[in-house]
Amino acid sequence: MKLCNETLSNLPKDVITPSYDREKVKPRIVHLGFGAFHRAHQAVYADILATEHGSDWGYCEVNLIGGEQQINDLNQQNLLYSVAEMAAEGWSGRVVGVVRRALHAEVDGIEAVLEAMAEPQVSIVSITITEKGYCYQPATGTLIDDHPMIQHDIAHPEAPKSAPGTIVRALRLRRDRGLPAFTVMSCDNMPENGHVTRNVILGLAKKQDAELAKWIEANVSFPSTMVDRIVPAVTPETLEKVSQKLGGIQDPAGVACEPFRQWVIEDNFVNGRPEWEKAGAELVQDVLPYEEMKLRMLNGSHSLLAYLGYLAGYQHINDCMQDDNYAIAARHLMLSEQAPTLRTQGVDLAAYADSLLNRYRNTALKHRTWQIAMDGTQKLPQRMLDSIRYHLANGTRFDCLALGVAAWIRYVGGVDEQGQPIEVSDPLIEQLRALVNGSTEGEARVKALLSLNVVFGSELPKDERFVSAVVSAYQQLLELGAKEAVAQLVKKL
C-alpha cells in the first residue's frame with residue numbers, strides 16, 4: 001500500500017497527519033526545486049502552521065529539470081508525503097499535507113508552470129535549486145551571461161529553461177495582467193542569497209527588456225534566508241526505514257532528516273507572508289551574520305570532513321567523527337579559522353561549534369561524504385575562500401582551510417588514495433578535467449586548479465602565501481594520505 005488519502009487512517013498513532021481541512025489550504029507559494037531539503041524544511045514549517053495555527057498557506061511544487069519521478073510520486077499520492085526525523089534513540093514521523101499542486105516543466109510544459117506562478121493568490125516564489133541552478137558566478141555573485149540556458153532565455157524569453165528565466169517570465173505575465181508582484185525567496189546555501197537572486201533576475205531582465213527590469217526593481221523583493229537542517233540524500237535503505245515508521249505503507253516521496261531545524265528570514269515581503277515565526281523561524285532585518293556563521297562553521301567544516309573523509313575511505317560524516325583527529329580538526333576550523341571572520345554578535349560560538357559536532361555524530365543520519373563533496377566549485381568561495389582572504393589580510397593562520405582546499409584539489413583529480421576512480425559531480429566538470437589532464441601531479445596540479453578564475457578570482461592565485469600553503473598541504477596529502485595528513489595537522493595546532 002502507498003501513502004494516500006485512503007491509507008492515512010492506517011498509519012501508526014504516533015505519526016502526525018494533517019488534522020486540518022486540506023481544501024482550505026491554497027497554493028500561495030510556488031516552490032522551484034522539490035528536492036529532499038525543501039520537503040524536510042520549508043514545507044514542514046508550513047505544515048506546522050496549518051496544523052497548529054490554521055494557516056492557509058500551501059505550496060505548488062515545481063521541478064524544472066530532473067526529478068520527474070518525485071513529482072509523479074507526489075501526484076500519485078494525493079500530494080501527500082512523509083518526513084522522518086532520525087535520531088540514534090529513535091525516529092518520529094509526520095505526513096505533510098500542505099502541497100496542493102505539483103508540476104514538472106518538461107512533463108506538464110513550461111506554460112503550465114508559468115500560469116501557476118501567475119495565479120492571483122501567489123504571493124511568494126521560493127527556491128531550492130542548489131547553487132548551480134542560479135547560473136551565477138560564485139566569485140562575483142553575478143549572472144553568467146554566456147551560460148547556455150541564459151543564452152536560450154535571452155533569445156526565447158517566452159519559453160524559458162532556467163530558473164531565473166522562468167521567474168522573469170512569470171513576473172512579466174503578472175505585470176501585463178495587472179497583478180501584484182510576488183516576493184522571490186532563495187533558500188539555498190549562498191551568502192546573501194537574496195542579493196545573488198536579485199542580481200541574476202535583474203541581470204537577465206535587463207538583457208530581455210529594460211522596462212520590465214525597472215518594474216521588477218520597483219516591485220519585487222528578494223529577502224535573504226539562512227536554512228539549516230541536515231538532510232541526507234534519500235536511499236532505498238532510507239525509504240525502507242520510512243516505510244517501517246509508517247507501519248509498512250510505502251512512500252517513495254518520503255524523506256528523512258535530523259531532528260534539528262533552523263530558519264532565519266529577512267522580513268522583506270511585498271505581498272504578504274506566512275507567520276513562520278509561530279513555527280519557530282526567526283524573522284530579522286539582517287540575515288548575513290547568521291548566513292556567514294552557518295556557511296563557514298557548519299558548511300565549511302562539512303566540506304572539510306567530506307573531502308578529507310572521502311579520501312580516507314570514510315563514507316559518512318558520522319564515520320569521520322569516530323576519528324578523533326578529524327573531530328579536533330573540524331572544531332579547530334570552526335573556532336580558530338572561521339569564527340574570527342564572522343560578524344555575528346551575541347552568539348556563543350563555542351557552544352554552536354559543539355552542537356554541530358554533536359549533530360555530525362548522529363549515527364542514524366548516514367550523510368554521505370560523496371554527497372557533500374558535490375559541486376565544490378560552487379561551494380568553496382563562500383565556505384572557505386572568503387575566510388582565507390580574511391586571514392591573508394590580517395596575517396593570521398589558516399592551516400585547516402588550506403588543507404581543505406588541497407583536499408578538494410586531490411578529490412577533483414578523480415582518483416582516490418587506493419587508485420580507484422572518484423565520481424566527481426560538478427557543473428564545471430569539463431573544465432576541471434581539462435585542468436587535471438593538462439597538468440602533472442604535484443605543485444603544477446595545484447596551480448592549474450587555482451587558475452580557475454570563476455572559483456578563486458584573480459587575486460588569490462597571485463598570493464604567494466596562499467599558493468604556498470595549499471601546495472604544502474597538497475604535498476602532504478600525496479605523501480601521507482588524508483588520515484595521516486589530518487593527524488599531523490592536529491599535532492601542530
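A: A residue is called buried when its relative accessible area is under 20%, exposed when that area is over 50%, and partly exposed in between, using a 1.4 Å probe and protein chains only. Helices (H or I, at least four residues) and strands (E, at least two) are DSSP runs, numbered from the N terminus. This is a predicted model, in which local features need pLDDT of at least 70 and side-chain atom pairs count only at pLDDT 80 or more, while totals for chains, interfaces and linings use all residues. Residues are numbered from 1 along each chain as its sequence is written, and side-chain values use heavy atoms, with hydrogens and water left out.

Helix 18, residues 429-437, is a place to begin. On one side of helix 18, Glu430, Ala434 and Asn437 are exposed. The buried residues of helix 18 are Ile429, Leu432 and Val436. These three lie on the same side of helix 18, because the arc they cover around the axis is only 60°; the arc is taken from the directions that run from the helix axis to the C-beta atoms.

The axes of helix 16 and helix 17 come within 10 Å and cross at roughly 155°. That angle makes helix 16 roughly antiparallel to helix 17. The axes are lines fitted to C-alpha atoms, for helices over the stretch in contact, and the angles run from 0 to 180 degrees between N-to-C directions. Angles under 35 degrees count as roughly parallel, over 145 as roughly antiparallel, 65 to 115 as roughly perpendicular, and the rest as oblique. Helix 16 and helix 17 cross in a left-handed way; a crossing is left-handed if the near helix is turned anticlockwise from the far one by less than a right angle, and right-handed if clockwise. From helix 16 the contact takes in Gly376, Thr377, Leu380, Met384, Leu385, Ser387, Ile388 and His391, and from helix 17 it takes in Leu401, Gly404, Val405 and Trp408. The residues of this contact between helix 16 and helix 17 divide into 7 nonpolar, 5 polar and no charged. For this count, Ala, Val, Leu, Ile, Met, Phe, Trp, Tyr, Cys and Pro are nonpolar, Asp, Glu, Lys and Arg are charged, and the others, Gly among them, are polar.

Helix 16 also meets helix 11, residues 288-312. The axes of helix 11 and helix 16 come within 9 Å, with a crossing angle of roughly 120°. Helix 11 is therefore oblique to helix 16. The crossing of helix 11 past helix 16 is left-handed. Helix 11 contributes Leu295, Arg296, Asn299, Gly300, Ser303, Leu304 and Tyr307 to the contact, and helix 16 contributes Gly376, Gln382, Arg383, Met384, Asp386 and Ser387. Sorted by kind, the residues of the contact of helix 11 with helix 16 are 4 nonpolar, 6 polar and 3 charged.

Aspartate 375 lies in the loop between helix 15 (369-373) and helix 16. Aspartate 375 counts as buried, at 6% relative accessibility. Aspartate 375 is not a glycine, yet its phi is positive, at about 60°. In general, most residues other than glycine have a negative phi, and most peptide bonds are trans.

Helix 11 and helix 17 turn up again around helix 22. The buried residues of helix 22, residues 482-492, are Ala482, Ala485, Val486, Ala487, Leu489 and Val490. Covering them are, among others, helix 11, helix 13, helix 17 and helix 21 (464-480). Alanine 329 belongs to helix 13, residues 324-338. With a relative accessible area of 3%, alanine 329 is buried. Residues up to four places away in sequence aside, alanine 329 touches Leu304, Cys400, Val486 and Val490. Alanine 329 and cysteine 400 are 71 residues apart along the chain, and their C-alpha atoms are separated by 7.0 Å.

Definitions and conventions
Contact = heavy atoms within 4.5 Å.
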